[in-house]
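Please read it alongside the sequence and the coordinates.

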Amino acid sequence: MAIVHNAPPATANRARAHTPALRASRVVGGYGERAVLHGVSLEVGAGEMLAIVGPNGAGKSTLLRILGGSLRSWRGEVEVLGAPLVSFDRRALARRVATVGQDNQAAFSFTVLEVVLMGRAPHLGSYHFESPADLALARAALARFDLTDLAARPIQELSGGERKRVFLARALAQEPRIALLDEPTAHLDLRHVADIFARFGELRADRGLAVVATLHDLNAAALYADRVLLLKDGVAMGYGAPREVLTAEKLREVYETEVYVGHNPATGALVVLPGAPRETRFKS
Amino acid sequence: MSETAPGVTPNMAPEVAPATARAPARGAGAVSPPPPASGDTLGGAHLTRLKLTLTLGALAMLVLISAIVAVAFGSVHISLVRALRDAHSPDRAIFIGARLPRVLMGAAVGAALAAVGAALQALVRNPLAEGGILGISGGGALGAIVALVAVAGHGGGAFAVPLSAFGAALLSTVMVYRLAVVDGRLEPFTLLLVGVIFNAIWGAAIMLVNSVVNYYYVHDIVFWLMGSLEAPTYAEVAMVAALSLAGLALLVARARDLNLLSLGDEAAGELGVEVDALRRLVFIATSVMIAAAVSVSGIISFVGLIVPHVLRLALGADHRLLLPASFLGGAAFLMLADLVARVAIAPTELPVGAVTALCGGPFFIYMLRREGRGPLAL
């Protein structure tokens with residue numbers, strides 16, 4: 001077991017202008033007495049994307065819930081835009097960090113537009129009506145995720161994939177600096193997976209949005225993430241560029257199954273496939 | 001903390017550039033065009049101030065018309081014209097002494113119950129929640145009866161009854177809610193079952209009190225069990241109206257947060273809602289409103305179920321509109337239900353609780369079946 005000592009990244013020599021969007025050091029946490037994470041560190045700069053990968057139960061969602069302020073039973077250090085996470089109240093945090101969980105449900109028949117407008121809530125008073133500017137933001141978010149035609153539809157009538165996109169649009173309407181996405185591509189077909197990552201790619205480039213996403217899809221992690229955090233049983237087994245972390249040896253150890261890692265002959269992108277490699281069938 | 005362990009890439013600065021260079025796979029030029037700013041194409045898809053104003057205005061008119069109809073008819077025929085013109089007519093005496101306070105009380109109680117229903121439904125993310133069904137009204141009624149039997153006979157009961165009703169209603173709310181939360185998640189069917197069980201327990205406790213106290217109280221106790229708007233005083237009307245309005249104000253002030261709660265406790269928190277504080281506020285506001293209603297009118301069920309459900313279908317789910325609309329709709333509904341109670345088998349008057357339960361029971365079953373078809377709204 002080559003456990004990576006996932007120590008906090010060096011910060012001493014870095015210019016202050018490069019305060020990371022999100023930084024976590026040696027986070028230990030979980031539910032009540034049961035620790036799920038045993039000292040995980042990470043850092044995401046503006047415009048960067050970090051993928052958190054690992055088998056079921058590795059602590060990926062737990063880590064995301066800690067970073068998003070929903071889970072409070074943890075120790076260690078988490079900094080959001082240079083300030084300690086615990087120094088933000090929930091509204092202040094919601095103006096900076098948007099979370100899209102796995103469970104994208106809404107009780108009652110709110111329309112798609114109403115759900116997206118909920119992303120404006122942290123910026124508004126409790127009874128204030130959304131201004132034309134808020135509406136414009138919501139409509140732009142709808143357009144970006146190809147949802148304009150669904151705006152007036154009740155959210156409950158949508159398919160799982162459509163709902164996922166609505167909640168991503170809601171996160172966008174929140175105008176966050178950091179987006180925490182728990183399995184953003186679950187329930188989505190190939191085209192929408194590519195679209196979602198393209199949209200977040202634009203947001204990263206244009207607005208410096210920092211993205212942290214848990215992903216089961218290792219190919220997506222390899223293709224879109226700047227860095228990958230590989231978790232197993234709450235421990236970082238690897239942290240770094242996709243090519244360094246997503247090696248056949250490491251993945252075999254973490255997922256306890258045979259894994260083939262090669263390159264897409266068409267694009268040269270890193271490809272991860274299950275099963276033992278057979279040199280005769282895959283020529284990379 | 002300047003150590004860098006093996007396998008950890010010192011990140012940031014060098015990586016920002018490649019990230020931005022690689023990210024827009026389709027190129028910045030392919031970004032979806034911004035939608036037209038004017039776009040009224042999306043009108044009706046969300047709540048606007050205009051829709052709020054017009055809807056509440058229309059519902060206020062409905063309340064007014066319902067009130068006029070409700071005071072015009074009853075178990076005895078009176079002339080409204082004579083009642084208003086002639087200060088010494090028997091019509092006037094009946095109008096001022098019996099009918100008007102009863103109609104006003106119907107409005108105040110119905111408003112409170114329907115707004116409470118809408119708020120509780122938001123809190124538990126389930127359209128089947130309601131003060132009566134969840135056993136909260138029953139708890140309030142038991143509190144009122146215990147106070148009546150224990151204190152009222154010895155003077156000073158005027159405040160003891162509503163206060164005791166409030167305490168018991170709040171206790172019921174918290175107990176039902178706590179028992180329905182399993183592993184940190186609110187289970188809708190557990191909630192309904194717990195509510196039904198609490199209803200039965202409070203009903204049994206009321207019958208227990210009934211069988212050990214003086215016969216003198218029996219009529220009062222039946223009155224609480226059945227739910228009736230019989231013979232209220234103007235002071236009672238004022239008390240219920242004031243507490244209902246205060247409760248409504250508290251709830252409406254947090255209406256947007258109640259909207260966010262429909263996404264789940266955790267998602268609401270991630271959008272800036274302090275969920276525990278909001279929940280406490282809703283418990284207190286709804287308990288005050290239910291206690292005020294129950295202490296004068298007993299257990300009137302299903303108003304809080306029917307009114308918000310119909311209005312949600314008609315107006316949408318936004319609680320900024322749904323809460324005040326339910327308040328007004330509940331007022332109109334209970335005034336009319338009580339009119340039915342007064343005239344259906346006149347000159348005998350039914351308790352209004354029997355009328356709402358006769359409408360509400362089948363309605364509840366219809367909703368339960370309807371909920372059962374799709375994924376339960378959670």
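The axes of helix α5 (residues 136–150) of chain B and helix α7 (residues 188–212) of chain B come within 9 Å of each other and cross at roughly 15°. This is a predicted model, in which local features need pLDDT of at least 70, side-chain atom pairs count only at pLDDT 80 or more, and totals for chains, interfaces and linings use all residues. Residues are numbered from 1 along each chain as its sequence is written, while chains are lettered from A and ligands numbered from 1 in the order in which they are written.

**Helix pair in chain B**

- The crossing angle makes α5(B) roughly parallel to α7(B) (angles under 35 degrees count as roughly parallel; axes are lines fitted to C-alpha atoms, for helices over the stretch in contact, and angles run from 0 to 180 degrees between N-to-C directions).
- The α5(B)/α7(B) crossing is left-handed, a term used if the near helix is turned anticlockwise from the far one by less than a right angle.
- On the α5(B) side, the residues making the contact include G138(B), G139(B), A141(B) and L142(B); on the α7(B) side they include F198(B), W202(B), G203(B) and A205(B).
- Two residues are in contact if their C-beta atoms, placed from the backbone, lie within 7 Å.
- Helices (H or I, at least four residues) and strands (E, at least two) are DSSP runs, numbered from the N terminus.

**Position F166(B)**

- F166(B) belongs to helix α6 (residues 157–180) of chain B.
- F166(B) counts as buried because 23 other C-beta atoms lie within 10 Å (the cut-off for buried is 20 or more within 10 Å, with C-beta atoms placed from the backbone).
- Apart from neighbours within four places in sequence, F166(B) contacts S287(B), V288(B) and A291(B).
- Between the C-alpha atoms of F166(B) and L47(B), which are 119 residues apart along the chain, the separation is 34 Å.

**Chain A overall**

- Chain A contains nine helices and 12 strands.
- The radius of gyration of chain A is 19 Å, which agrees with the value near 19 Å for a compact globule of 284 residues (taken over C-alpha atoms; the globule rule is 2.2 Å times the number of residues to the power 0.38).
- The C-alpha trace of chain A spans about 60 × 45 × 40 Å along its principal axes.
- Of the 284 residues in chain A, 52% are buried.
- Among contacts in chain A with a separation of 6 or more, 65% are between residues 24 or more positions apart.

**Sheet in chain A**

- An open sheet of six strands in chain A has the order β6-β7-β8-β3-β9-β10, with mixed pairing (two strands pair if DSSP finds at least two bridges between them).
- In chain A, β6 (97–100) and β10 (235–240) are at the edges with a single partner strand each, so each has one side without a neighbour in the sheet.
- On average, neighbouring strands of this sheet are turned by 15° against each other, direction ignored.

**Strand β9(A) and its partners**

- Strand β9 (residues 227–232) of chain A runs antiparallel to β10(A), joined by five bridges.
- In this pairing L229(A) has Y239(A) as its bridge partner, and L231(A) has A236(A).
- The two strands β9(A) and β10(A) form a hairpin with two residues between them; D233(A), in the turn, has a positive phi of about 50°.
- Strand β3 (residues 49–53) of chain A runs parallel to β9(A), joined by four bridges, and V53(A) stands opposite L230(A).
- Six of the six residues of β9(A) are buried: R227(A), L229(A) and L231(A) on one side, and V228(A), L230(A) and K232(A) on the other.

Methods. A residue is buried if 20 or more other C-beta atoms lie within 10 Å of its own, exposed if 12 or fewer, and partly exposed in between; C-beta atoms are placed from the backbone. Angles under 35 degrees count as roughly parallel, over 145 as roughly antiparallel, 65 to 115 as roughly perpendicular and the rest as oblique.
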